[in-house]
Structure formats: C-alpha cells, structure tokens
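Let's walk through this model together, one question at a time. Keep the 3D view open as you read.

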Amino acid sequence: MYRNLGNLALNVPEHWHYVSFGLSDLYGDNRVHEFTGTDGPSGFGFELTFRLKRETGESAPPTWPAELMQGLARYVFQSENTFCSGDHVSWHSPLDNSESRIQHMLLTEDPQMQPVQTPFGVVTFLQIVGVCTEELHAAQQWNGQGILELLRTVPVAGGPWLITDMRRGETIFEIDPHLQERVDKGIETDGSNLSGVSAKCAWDDLSRPPEDDEDSRSICIGTQPRRLSGKDTEQIRETLRRGLEINSKPVLPPINAQRQNGLNLDRAPSRKDSLESESSAAIIPHELIRTRQLESVHLKFNQESGALIPLCLRGRLLHGRHFTYKSITGDTAITFVSTGVEGAFATEEHPYAAHGPWLQILLTEEFVERMLEDLEDLNSPEEFKLPKEYSWPEKKLKVSILPDAVFDNPLH
C-alpha cells in the first residue's frame, strides 16, 4: 500500500495505491508456480493493483482493498482462471461493504506500472476499477475498454488514472447523458466484445424420453454428469478467444484443435481461461463422444444469466458472432452461433447439436429478431416473477428463467 501524490498537471488527485504480489512467480523454484522459462508469463503472468481516492484527513490507507484483492487472488489460485485487461467482475455488493453504488469492477492496465521482465518471466499489472451497476451493464453490452475510456474522460468517475471514489453517487451517464449515446452507437456499430460468461445454466434434450440413458439431458443432473473432454474444453476456450478478434471472421475451431502451451501475451482480451474443467482428467474419451443432432431443446438460466440473452442476441449474433454460457456448477456449456460462424457443429438444417454436455444452437437473423421482441421484458427483470418461460413451438425451443436455488440443487 502506497501513498501516491497524484499529478496536478494531469488533474490526478492524491490517492492510495495498492499492489499485490504472489500471483506472479516470486521464487522460480516451482514452490508455488511452475517455472516455464523467462520468455513466458511469470506465474499467472500478472499482479493486481488498485487506486483509491484519499479522503481529506486520512493518514493511513484503508485495509478493505487488500481484502478485496485477496478475494480475487484466491479465485485465481483456486480456479486457475486468469484476468485480462477489459475483463469485468460482477461483485453485486459495495466493494467496501458500505452503501456505495460502486459494486462491480473492470480491469485495465495500470497507468504507471509497465510490464516487467523478471528472471522468472513477464509480469503485467492489472488495475481494478470500481464501477456502478449501470456501467458494468454497459461494459457487457459493448466492451470493457470502451467504458474504461469513457471513465477516463470524467474526472469524478476515475479520470486519466482511473482512481476509484467510493463516495461517487452518480454514474457517468447521469453525470454526462451524452455518454449513453456513445455507448449505444458503439453497440450498434461494434456489437459486444463479451463472447462468453460463467453462468448458472442447464439444458434438456426434449427429443428423447427422460429415461433414455444415452440422452444428454442426464447432465441436468440425475446421477454423475458427463464431463467436457479436454479437447471440448479447449475448443470452447478458443471459441471465446477468437470471438474477441473483431477484425477477423468468427470461426469455431475444429473439435480436434490442439491445446496451446503457455499464455499468449499478445492475445486480444478474452475470457478464454474461464472454461477450464476442474475435472478434465475424469472424462469420456473424446473420440467416443459423438455429435448428435437434437430435435427440441429446453434452455434454463438463472435471472442474472437470462438478463444477458438480449446482449447475446443483439450484441453478438446479429453481428455474425457467437456467445457461450459455461455452467459454474458443472461441465454444461451452451453456445449460441449465428449463420456467419464457421466450424460450428450446429447447422441451419440441424440447428441444435450436442457434443457431450456442450450444446450449440444456431439461430438465423430472422429468428433472432423475433426472439428479441419476445424477450423484451428480460431488459427489466425486476418487473417479472420467477419462474418465467418463453416458448417457440414451431422452432421446438423453450427457454426458462429460474430461481438460483434450482441450480444449487443437484436434482434439478
């Protein structure tokens, strides 16, 4: 924890600067992290930083940011998921446990701390930026980097060094209503950079009776669920990685895509590491899992995940891209693909296809437009009661928005 005097010339106020250590490799002896060489990432390849506005008369830095950073670091160590610049963290609670509107986080490069080449690899510094719920939603619907740039233009909301002020009572859109127009234009022009999320979700194959043991509805979960193979897991990870490369044609990698070793430090910001199966060793051999075409499917989401469906449809599929939900409670994955995505195993002739517990759904532009109309109330989830069901009988597709407890119960 450091006291930073800021920069008056740049209109940067005095603040507290927090820097983590331990996510990168401090020893190089495989004690905590596997040493992969000096050219690769050191440990997880990054450390976290945070800048908190110093209040008048404050002589010592508050300790809650350290606890917040420890919580994020614990998640990284336990899940082995990494963060990238432009990522967002949905926290759903004031970061300092107060009544503040700052309840979520975006991540970006620290403005002062440049990447460092150490004897144990390269370390970058990712700064946590506290944001309001409305700003988080804008980042999801458009992209994190775009919202970070807007925050930099508003001194009280972060300014050039993106300093978090927990006493900020207005969003950037309330401070400057014209910023919402920039976001709306960005969504219309660029679509969304969010190509997937970890979520509470599940799916049923309604094509076969429930008692059919070969039916992938068994993943929803009567006994032991099927697990994503290592190659399936890597394909989904590649799906999310490539989904962020806006200037290239969206492509789903072939199922036999080989896993890349190490971390590509030049990659586009991605959620690629959020889909690693914790039990990839206990899997059905990949070559024994066949891709099956399904006649009818039932998708299930909790309220938070369901609220992202319009984003998936408008911000991704209408721009010729794809979007993946990866279950946080199991190996289930649901990928929506548009007709412009190459390499998908769902096709216009067979729009519902499953490979083990991974379901792909191909939606035409015409059907996406209709779904957006029918799902309009998902934009105001506080106005409807759970459970909520949507159905398109002629498409043999059903979507249910269910309480969290359904997904917490393994017998749902």
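A salt bridge here is a side-chain nitrogen of Lys or Arg within 4 Å of a carboxyl oxygen of Asp or Glu. Please keep in mind that the model is predicted.

Q: How far apart are the closest N and O atoms of Arg168 and Glu135?
A: Arg168 brings the side-chain nitrogen and Glu135 the carboxyl oxygen, and the pair forms a salt bridge. The cut-off for such a pair is 4 Å. The closest N and O atoms of Arg168 and Glu135 are apart by 2.7 Å.

Q: Which parts of the chain does the pair of Arg168 and Glu135 link, and how many residues lie between their positions?
A: Arg168 sits in the loop between helix H3 (144-152) and helix H4 (172-175). Glu135 belongs to helix H2 (residues 133-141). The pair therefore links distant parts of the chain, with a separation of 33 residues.

Q: Is Glu135 buried or exposed?
A: Buried means under 20% relative accessible area. Glu135 has 0% relative accessibility, so Glu135 counts as buried.

Q: Is Asp404 buried, partly exposed or exposed?
A: Lys200, with 16% relative accessibility, falls under the 20% cut-off and so counts as buried. Asp404 has 36% relative accessibility, a value between the 20% and 50% cut-offs. Asp404 therefore counts as partly exposed.

Q: What is the N to O distance in the salt bridge of Asp408 and Lys200?
A: Asp408 is in helix H10, and Lys200 is in the loop between E8 and E9, 208 residues apart. Their side chains meet in a salt bridge. The N to O distance is 3.1 Å.

Q: Which strands stand at the edges of the open sheet of 6 strands?
A: The order of this sheet is E8-E12-E13-E15-E14-E10, with mixed pairing. An edge strand has a single partner strand, so one side of it is left without a neighbour in the sheet. The edge strands are E8 and E10 (291-293).

Q: At what angle do helix H8 and helix H9 pack?
A: H8 (residues 309-316) meets H9 (residues 365-374) through Pro310, Leu313 and Arg314 on one side and Val368, Met371 and Leu372 on the other. By class, this contact has 5 nonpolar, no polar and 1 charged residues. The axes of H8 and H9 are 10 Å apart, and the helices pack at an angle of about 145 degrees.

Q: Which residue in the hairpin of E16 and E17 takes a positive phi?
A: Strand E16 (residues 388-392) and strand E17 (residues 397-402) pair in the antiparallel sense over 5 bridges. The hairpin has 4 residues between the strands. The residue with a positive phi, near 55 degrees, is Lys396.

Note on methods
Residues numbered from 1 in each chain as written. Predicted model: local features only at pLDDT ≥ 70, side-chain atom pairs only at ≥ 80, totals over all residues. Heavy atoms only, no water. Axes fitted to C-alpha atoms, helices over the stretch in contact; angles between N-to-C directions. Helix = DSSP H or I, 4+ residues; strand = E, 2+ residues; numbered from the N terminus. Contact = heavy atoms within 4.5 Å. Nonpolar A, V, L, I, M, F, W, Y, C, P; charged D, E, K, R; others polar. Buried < 20%, exposed > 50% of the residue type's maximum accessible area, 1.4 Å probe, protein only. Pairing = 2+ DSSP bridges.
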